[in-house]
Amino acid sequence: MEAGDSIIIRGLELPVRIGVPEVERAAWQVITADVTLKLRRGFSMMRDDLAETVDYEAVANQVKALAGEHPRKLLETLATEITALLLQIEIVSSVEVELRKRILPGVDHVAVKMRRERA
């Protein structure tokens with residue numbers, strides 16, 4: 001297997017209701033996600049067949065749906081939920097998720113990053 005073969009989704013916009021103050025969770029806002037899926041087998045083994053890899057449009061849609069399901073206080077909670085969801089994909093050996101939120105004045109964004117391996 002080719003080491004390091006990954007699928008990367010960068011800048012995925014996620015409509016969410018997230019934040020510690022209740023007033024912040026009451027309004028929809030958009031955070032940004034980067035997702036890296038490291039695969040259990042290399043690209044050369046996929047034979048140009050979608051069934052042999054990850055459908056990244058489906059992954060993006062699943063992550064968006066999960067993010068919008070209900071309000072959360074912490075980015076850390078959402079990162080944990082996204083990581084658990086993506087580790088269920090059979091071909092994925094590890095997942096890295098970074099979530100970015102524009103919330104603090106004078107700061108481009110705050111972020112959380114999580115990486116987990118398949119058990």
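Q: What pattern does the protein follow, read along the sequence?
A: Going along the chain, you get β-α-β-α-α-β-β. Keep in mind that this is a predicted model.

Q: OK, and how many helices and strands does that come to?
A: The protein has 3 helices and 4 strands.

Q: Which way do E1 and E2 pair, parallel or antiparallel?
A: Antiparallel, and E1 and E2 share 9 bridges. If you want a spot to look at, find Leu12: it stands opposite Ala33 in E2.

Q: What about E2 and E3, how many bridges join them?
A: There are 8 bridges between E2 and E3, and these two strands run antiparallel.

Q: Let's switch to helix H3. How far apart are its end C-alpha atoms?
A: They are 17 Å apart. H3 covers residues 75-86, so with 12 residues at 1.5 Å a residue it should span 16 Å, and the two values agree.

Q: Which residues of H3 are buried?
A: Leu75, Leu78, Ala79, Ile82, Thr83 and Leu86. Looking down the axis of H3, you'd see these buried residues fall within an arc of 135°, so they line one face of the helix.

Q: And what do those buried residues pack against?
A: Quite a list: strand E1 (6-16), strand E2 (29-39), helix H2 (56-68), strand E3 (92-101) and strand E4 (110-117).

Q: Which residues does Thr83 touch?
A: Leaving out residues up to four places away in sequence, Thr83 touches Val95, Val97, Met114 and Arg116. Thr83 itself is found in helix H3.

Q: Now the whole protein. What box do the C-alpha atoms fill?
A: Roughly 50 × 25 × 25 Å, taken along the principal axes.

Q: What share of the residues count as buried?
A: 39% of the 119 residues.

Q: And the accessible surface, what does it come to?
A: About 7000 Å², with 52% of that belonging to carbon and sulfur atoms.

Q: Last one: what share of the contacts join residues at least 24 apart?
A: 60%, counting contacts between residues at least 6 apart in sequence. Thr83 is a handy place to start looking at contacts, with Val95 and Met114 among the residues that it touches.

Definitions and conventions. Residues numbered from 1 in each chain as written. Predicted model: local features only at pLDDT ≥ 70, side-chain atom pairs only at ≥ 80, totals over all residues. Heavy atoms only, no water. Expected span 1.5 Å × (residues − 1). Buried < 20%, exposed > 50% of the residue type's maximum accessible area, 1.4 Å probe, protein only. Arc of directions from axis to C-beta. Contact = heavy atoms within 4.5 Å. Pairing = 2+ DSSP bridges. Areas by Shrake-Rupley, 256 points an atom, 1.4 Å probe, with all protein chains shown as cover.
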